[in-house]
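Subject: Structure for your review

Dear colleague,

Please find the structure below, together with its sequence. My notes on what was found in it follow.

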Amino acid sequence: MTQYKLVKDGGVIDVENKRTIPEDVHNRHWCQYLEWCSCGNVAEPASTPEAELITSIWETFEQEANAPATTTDPAGTWKGGESSAMAIRGAALLAEDNGLTTAVITDVNREEHELTIAEVKKVSSAILFQWQAAFFKRQAALREIGQ
């Protein structure tokens with residue numbers, strides 16, 4: 001079995017790690033794929049409707065899970081994704097551990113916001129809940145097709 005499978009509209013699926021890789025020279029996974037090809041390897045061709053459905057499910061997950069998260073309290077739009085949520089949560093914990101009552105975090109417009117520790121935790125939770133919702137939606141879709 002090959003490690004990669006082509007996607008009909010560009011990009012590949014990393015079969016081993018179950019991830020869709022966009023055709024983007026700035027994406028480290030795409031660069032790894034190109035290096036793999038330069039060693040004489042060939043990806044499986046894009047083919048079955050099942051493969052296209054799986055690709056679609058993964059792409060939807062990536063878009064939804066990493067979409068900017070908007071919260072009303074405190075107001076702002078924050079970078080989405082699990083790693084963003086953890087980084088923001090880490091900033092709150094670090095500030096709290098150092099006896100601070102506020103932390104400065106940056107939104108998607110690169111604007112800095114000085115928020116209370118409780119507000120920073122709310123932002124982190126909102127982003128993480130969005131990521132979890134997309135994750136569970138993806139898992140359910142994959143279960144439906146038996147993957």
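Leaving aside its neighbours within four places in sequence, which residues is glutamate 112 in contact with? They are Val104, Ile105 and Thr106, where contact means heavy atoms within 4.5 Å. Glutamate 112 lies in strand β7, residues 112-116; helices (H or I, at least four residues) and strands (E, at least two) are DSSP runs, numbered from the N terminus. Its relative accessibility is 61%, so glutamate 112 counts as exposed. Here, buried means under 20% relative accessible area, exposed over 50%, and partly exposed in between (1.4 Å probe, protein chains only).

Some notes on provenance come next. This is a predicted model, in which local features need pLDDT of at least 70 and side-chain atom pairs count only at pLDDT 80 or more, while totals for chains, interfaces and linings use all residues. Residues are numbered from 1 along each chain as its sequence is written, and side-chain values use heavy atoms, with hydrogens and water left out.

Confidence

The chain has a mean pLDDT of 83, and 92% of its residues reach 70 or more; pLDDT is the predictor's confidence in each residue, from 0 to 100. Among the elements of the chain, helix α1 (residues 28-38) has the highest mean pLDDT, 92, and strand β4 (residues 69-72) the lowest, 69.

Nonpolar cores

A nonpolar core is taken as a set of buried Ala, Val, Leu, Ile, Met, Phe, Trp, Tyr and Cys residues joined through side-chain atoms within 4.5 Å. The largest one has 13 residues, and those with the most contacts inside it are Trp78, Ile88, Ile105, Leu115, Val120, Val123 and Ile127. Two or more residues of this core come from each of α3 (82-97), β6 (102-106) and α4 (117-144). Another core, of 8 residues, lies apart from it and includes Ile57, Trp58, Phe61 and Ala65. In soluble globular proteins, nonpolar side chains tend to be buried together.

Isoleucine 127 is placed in helix α4 and has a relative accessible area of 0%, so it is buried. Not counting residues up to four places away in sequence, isoleucine 127 touches Ala69, Trp78, Lys79, Gly80, Gly81, Ala85 and Ile88. Isoleucine 127 and proline 68 are 59 residues apart in sequence, and their C-alpha atoms are 8.1 Å apart in space.

The second largest pocket

A pocket is defined on a 1 Å grid over the protein atoms alone, as an open set of points where a 1.4 Å probe fits, with protein on both sides within 12 Å along at least five of seven lines; lining residues have an atom within 4 Å of a point. The second largest pocket has a volume of about 310 Å³, the volume being the space filled by probe spheres set on the points, with grid points joined across faces, edges and corners. Its lining consists of Arg19, Thr20, Pro22, Trp58, Phe61, Glu62, Ala65, Asn66, Trp131 and Arg138. The elements giving two or more residues to this lining are β3 (19-21), α2 (49-66) and α4, and α2 gives the most, with 5 residues. By class, the lining divides into 5 nonpolar, 2 polar and 3 charged residues; Ala, Val, Leu, Ile, Met, Phe, Trp, Tyr, Cys and Pro count as nonpolar, Asp, Glu, Lys and Arg as charged, and the others, Gly among them, as polar.

Individual residues

Lysine 18, found in the loop between β2 (12-14) and β3, has a positive phi of about 55 degrees although it is not a glycine. Most residues other than glycine have a negative phi. Lysine 18 is exposed, with a relative accessible area of 55%.

Histidine 29 has its place in helix α1 and is buried, at a relative accessible area of 15%. Histidine 29 touches Arg19 and Ile21, residues up to four places away in sequence not being counted.

Isoleucine 13, in strand β2, counts as buried at 14% relative accessibility. The C-alpha atoms of isoleucine 13 and glutamate 44, 31 residues apart along the chain, are separated by 9.5 Å.

With kind regards
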